[in-house]
Amino acid sequence: MTGFNSLLLQDSMNMAGAEIVLFHDYAMLLMSLILMGFVVFSLMVLKTGSWFVKGYGSSEMLEISWTMIPGFLLYSLGVPSLFLMYYIEGNTKYDLTLKVTGHQWYWSYEVSEYGGEMSFDSYMINDEDLQVGGYRLLDVDNSVVLPYLSKIRVLVTSGDVLHAWALPSMGMKIDAIPGRLNFMNIMSFRPSSVYGQCSEICGVNHSFMPIHIEFVGWEGFLNANVA
Ligand SMILES: [Cu+2]
């Protein structure tokens, strides 16, 4: 999760997140270079008067390069972007399904595989009940416990208004829409504690319906979910 003094994006817990961070960094690098190039060019023209662009009444070479170079740059953004999109959407085999339902203003979860029949509500812990070392506005009374290194399909819907189930350190976010079942895939690299919040303005307590997932080994998962 994001802590004090952390720069840039959070460390990713899954492959999609890591790829998204790489793509973000590349796009930022490209943007900075283009901006820098524009500033340097403008300064050259300003400082040298017309000398810098003198002789360029027309130039075929120049026209070819200012068409081709931006073309390649856009291509280098578009292709990885599409690959990333299909990679995030594309998984069709799962080890496990987690069902998430958004409510005003809490989440409820269902895990009903491997002999388990778990369904529970997850509320934020209020300030006065928070343990020392707990995260204010982020810790919940019932965390979701899932296995790491396992493909998990998350089915997301809502019981009342629009919500959004978001996990920044996994690079994933999906709308919870009443009457509709959205899905996404998560797979944690390592045992981890992942926090998130509702990301769709859903009413007065929108800020107070956090998400907390603990990724543990299969044994821990079965102990927590299969009574
Ligand atoms: Cu919400």
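At 13% relative accessibility, Phe-120 counts as buried, the cut-offs being under 20% relative accessible area for buried, over 50% for exposed and anything in between for partly exposed, with a 1.4 Å probe and protein chains only. The model here is a predicted one, in which local features need pLDDT of at least 70 and side-chain atom pairs count only at pLDDT 80 or more, while totals for chains, interfaces and linings use all residues. Numbering runs from 1 along each chain as its sequence is written, and side-chain values use heavy atoms, leaving out hydrogens and water.

Back to the rings. Aromatic pairs are Phe, Tyr and Trp rings (the six-membered one for Trp) with centres within 6.5 Å; planes under 30 degrees apart make a pair stacked, over 60 edge-to-face, and the rest tilted. The count by this rule is 5 aromatic pairs. In one of them, the rings of Tyr-109 and Phe-120 have centres 5.7 Å apart and planes at 40 degrees, so the pair is tilted. Tyr-109 belongs to strand S2 (residues 106–111) and Phe-120 to strand S3 (residues 118–122), so the pair ties together parts that are 11 residues apart in sequence. Helices and strands here are DSSP runs, H or I of at least four residues for helices and E of at least two for strands, numbered from the N terminus. Tyr-109 is buried, at a relative accessible area of 0%. Together with Trp-165, Tyr-109 and Phe-120 form one aromatic cluster.

Trp-218 and Phe-221 sit 3 residues apart in helix H3 (residues 218–225), about one helical turn. Phe-221 is buried at 0% relative accessibility, whereas Trp-218 is partly exposed at 30%.

Next comes the metal. The copper ion has His-163 (ND1), Cys-198 (SG), Cys-202 (SG) and Met-209 (SD) as its protein donors, 2.0 to 2.7 Å away. Donors are N, O and S atoms within 2.8 Å of the metal (3.2 Å for Na, K and Ca), and water is not among the atoms, so sites may look incomplete. Along the chain, the copper donors follow the spacing H-x34-C-x3-C-x6-M. His-163 in strand S6 (residues 163–167) and Met-209 in the loop between strand S9 (192–196) and strand S10 (211–216) are 46 residues apart, a pair linking distant parts of the chain. Both His-163 and Met-209 are buried.

A few backbone details stand out. Most residues other than glycine have a negative phi, and most peptide bonds are trans. Leu-8, in the segment before H1, has a positive phi of about 55 degrees although it is not a glycine, and Leu-8 is exposed at 77% relative accessible area. Leu-149 likewise has a positive phi, of about 50 degrees; Leu-149 lies in the loop between S4 and strand S5 (152–158) and is exposed at 53%. The peptide bond from Gln-104 to Trp-105 is cis, with omega near -5 degrees, and Trp-105 is found in the loop between strand S1 (96–103) and S2.

Glu-128, in the loop between S3 and strand S4 (144–147), is exposed, with a relative accessible area of 66%. From Glu-128 to Ser-6 there are 122 residues in sequence and 27 Å in space, C-alpha to C-alpha.
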